[in-house]
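Hello,

Here is the structure I promised to pass on.

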Amino acid sequence: MRGMRRKDRQIEPAETEAPLESGEYGVLSTVDGDGQPYGVPVNYVYRDGAVYLHCALAGHKLDNIKSNPRVSFCVVGKTRVLPAEFATEYESAVIFGIASEPSGEERRQALEGLLEKYSPDFMNEGRDYIQRKDKVTKVVKINIRHVSGKARR
């Protein structure tokens, strides 16, 4: 894996949890069978050292994951443009990992984690929604192999 060019902006692995935990969305990048990259923004939850997302039962990203489960996932955390300096303050994390499909209790906890993150005031309604949509919902887990982060603060 290629090293980071701006070592002065590199953050420690423990610091990468901040943007992973607080990020509103991330970009999941996959590669199809012909080597064509594909990046798509997704809602996600970071918990227990892994990233979880939900989606429909079929689609381009799932086709790509089936043929090659190696993925990259990028989150950009807090940002602030500094116009007079021609710069931006930011924090980011890039994950390299293997996508898989969790089942059972892990799957249920991932969906509840998404509820807690995006709809914390509607947990009961959300659990009902999960139950109704269970058969048309896929959960993807990204098992993290490597994570790197950068920040300008």
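**What I found**

Of the 153 residues of the protein, 39% count as buried (under 20% relative accessible area, 1.4 Å probe, protein chains only). This is a predicted model, in which local features need pLDDT of at least 70 and side-chain atom pairs count only at pLDDT 80 or more, while totals for chains, interfaces and linings use all residues. Residues are numbered from 1 along each chain as its sequence is written, and side-chain values use heavy atoms, leaving out hydrogens and water.

The protein has four helices and eight strands (DSSP runs numbered from the N terminus: H or I of at least four residues for helices, E of at least two for strands). Along the sequence they follow the pattern β-α-β-β-β-β-α-β-β-α-α-β.

A search of the whole structure turned up one aromatic pair (ring centres within 6.5 Å, using the six-membered ring for Trp). Tyr-44 sits in the loop between β3 (37-42) and β4 (45-47) and Phe-73 in strand β6 (residues 70-82), so the pair ties together parts 29 residues apart in sequence. Both Tyr-44 and Phe-73 are buried. Lys-117 lies over the face of Tyr-44, 3.6 Å from the ring centre (the cut-offs are NZ of Lys within 6 Å of the centre and within 35 degrees of the ring normal).

In α3, the buried residues include Arg-107, Ala-110 and Leu-111.

Best wishes

Definitions and conventions: Phe/Tyr/Trp six-rings, centres within 6.5 Å; stacked < 30°, edge-to-face > 60°. Buried < 20%, exposed > 50% of the residue type's maximum accessible area, 1.4 Å probe, protein only.
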